[in-house]
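Hi everyone, thanks for making the time.

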Amino acid sequence: MPTKETIFDVVIVGGGLAGLSLSILLAQKNYSVLLIEKKSYPYHKVCGEYISNESRDFLLRLGIPVNSMDLPQIQTVQLTGVKGQQVSENMRLGGFGISRYCLDQLLAEKAIASGVHLLQATTCHKYSRESSLFEIASSAGTFRSKVLVGSFGRHASGNFFKSTKESENWIGVKYHIQYAFPDDCIALHTFKDGYCGISKIEGQQYCLCYLVRASLLNSYHNNIQEMEKGELYKNPVLHDIFSKATFLFEKPVTVSNITFDAKKPVVDDVFYLGDSAGAIAPLTGNGMSNAMRSAWLLSKELADFLEDKISFTTLKHRYEKQWNLNFKIESEAENSCNTSFAIRI
Ligand SMILES: Cc1cc2nc3c(=O)[nH]c(=O)nc-3n(C[C@H](O)[C@H](O)[C@H](O)COP(=O)(O)OP(=O)(O)OC[C@H]3O[C@@H](n4cnc5c(N)ncnc54)[C@H](O)[C@@H]3O)c2cc1C
């Protein structure tokens, strides 16, 4: 068990795709890494669970055998309008389906095997920085590191950076279901104030996941089933799915307070990755890939800093530059058109 006396090269707060990927990349280079995750693996997370093929090689390099796991290969996208009118298109790159329950667990196992100190069921509250060292306060005690990374997803706690902009709130809802639907297709079905995706994951399961304006759910007194009957069922395709599917969870997995505010990759000497840096593209196939890509970008720059080849200031500039080159236009576009559900699969 690490103590306050231990000085880690890097402490990472949040073990989603961004934090887990970075921890493995750094541990594989023999740096000492503490990853703090507030939940215990495996657990279900609201996500459409469709990963763009742009991340396939990256996951293979991390040691996740996605090519031999018999995962559904998804090559077609289908869209329906609120009244069920349909269009389909082949996707140039395509992707594959895998649940976060399975993927995050595999990455957590790989992190532990690579030498990462992984603290589960531990929440990070706040941090301070003195004499070039960070002190990180968590429910399991205080830890110290040379570098602090925030990869806690959309919701910041303590004094970690959060956007001050008050933007509109969205809710995410996810089920795993069984339903007669092609293995190689992802469908996005729109309804008033939201859209719902369906695509196959491992086993004979499909992920059914939607994003809806919080105001619509409020108008149904926060009753999800009533809102589904009153609004989602107006799209005949969604009506068919919801009335014929076998639902595999007792109740849906939900997440509230989703916003699409612009954020920053470096604030007050802390490095931000994935959704905590603002690279958000829900149900469009890119949020997970962006999280992994940001981990890869930071890992390259961090190695130079930890080898004393560059200063902390240069590290910050380099990561900011790389992040802006890779994501800035994308995240600005996302922020300016998120309510029109930009689809860039
Ligand atoms: C409805 C919906 C559908 C989506 N569908 C898709 C899709 O089909 N394909 C796709 O590529 N992307 C999709 N996304 C986006 C994708 O889920 C995210 O972009 C991705 O999960 C970001 O990864 P991350 O590691 O940054 O954050 P997360 O995966 O959210 O991980 C953050 C982690 O930090 C932990 N944490 C939070 N606070 C603390 C704390 N204080 N202390 C310790 N730990 C903490 C959390 O428990 C969590 O495990 C979807 C998003 C939504 C909302």
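Let me start with a question: is the crossing of helix 1 and helix 7 left-handed or right-handed? The crossing is right-handed, a term that applies when the near helix is turned clockwise from the far one by less than a right angle.

Before going on, a word on the ground rules. This is a predicted model, where local features need pLDDT of at least 70 and side-chain atom pairs count only at pLDDT 80 or more, while totals for chains, interfaces and linings use all residues. Residues are numbered from 1 along each chain as its sequence is written, and side-chain values use heavy atoms, with hydrogens and water left out.

Back to our pair. The axes of helix 1 (residues 17–28) and helix 7 (residues 287–306) come within 8 Å and cross at roughly 30 degrees. Those axes are lines fitted to C-alpha atoms over the stretch in contact, with angles running from 0 to 180 degrees between N-to-C directions. Helices are DSSP runs of H or I with at least four residues, strands are E runs of at least two, and both are numbered from the N terminus.

Who meets whom? From helix 1, Leu17, Ala18, Ser21, Leu22, Leu25 and Leu26 meet residues of helix 7, including Met288, Trp296 and Leu302; contact here means heavy atoms within 4.5 Å. The residues of this contact divide into twelve nonpolar, two polar and no charged. Nonpolar covers Ala, Val, Leu, Ile, Met, Phe, Trp, Tyr, Cys and Pro; charged covers Asp, Glu, Lys and Arg; the others, Gly among them, are polar.

Now the core. The largest nonpolar core has 72 residues, and Leu22 and Leu107 are among those that touch the most other members. Helix 7 gives the largest share of this core, ten residues. A core is a set of buried Ala, Val, Leu, Ile, Met, Phe, Trp, Tyr and Cys residues joined through side-chain atoms within 4.5 Å; buried is under 20% relative accessible area, exposed over 50%, partly exposed in between, with a 1.4 Å probe and protein chains only. Leucine 107 itself touches Leu17, Leu20, Ile24, Leu59, Leu62 and Ile64, not counting residues up to four places away in sequence.

For contrast, take serine 128 in strand 7 (residues 124–130). Serine 128 counts as partly exposed because its relative accessibility is 39%.

Finally, the domains: an automatic or database assignment gives domain 1 (7–49 + 99–165 + 259–340) and domain 2 (170–258). Their centres, taken over C-alpha atoms, are 29 Å apart.
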